[in-house]
Amino acid sequence: MATREEILVLGLTAGVTGCLVGGLMLGIGLGLVVQGAHLGWLLILPSAPVAGGLGYLLAKRLVGRKG
């Protein structure tokens with residue numbers, strides 16, 4: 001069982017990492033779309049699931065380390 005401290009650190013780490021990765025994908029994708037490159041949609045659309053997936057992987061690693 002994970003302690004409160006580990007869950008707090010997991011939440012902060014997942015939030016910061018997710019924001020950075022998702023925000024970069026969103027920003028670069030929007031920049032490409034505004035300039036007329038429709039390839040940017042391939043970065044915009046999965047940006048939120050990728051950000052959430054990173055948090056999920058971090059949580060699985062924490063549980064795996066404890067179990």
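User: Leaving aside neighbours within four places in sequence, which residues is Val33 in contact with?

Analyst: Quick background: this is a predicted model, where local features need pLDDT of at least 70, side-chain atom pairs count only at pLDDT 80 or more, and totals for chains, interfaces and linings use all residues. Residues are numbered from 1 along each chain as its sequence is written, and side-chain values use heavy atoms, with hydrogens and water left out. Contact here means heavy atoms within 4.5 Å. Setting aside neighbours within four places, Val33 touches Gly40, Trp41 and Ile44.

User: Which helix does Val33 lie in?

Analyst: Helices are DSSP runs of H or I with at least four residues, strands are runs of E with at least two, and both are numbered from the N terminus. The run covering residues 4-34 includes Val33, and that is helix 1.

User: What separates the C-alpha atoms of Val33 and Gly11?

Analyst: Along the chain, these two sit 22 residues apart.

User: What pattern does the protein chain follow?

Analyst: There are three helices and zero strands in the protein chain. Read along the sequence, that gives α-α-α.

User: What radius of gyration does the protein chain have?

Analyst: The C-alpha atoms fill a box of roughly 50 × 15 × 10 Å along the principal axes. The radius is taken over C-alpha atoms, and the globule rule is 2.2 Å times the number of residues to the power 0.38. A compact globule of 67 residues would come out near 11 Å, but the protein chain has 15 Å.
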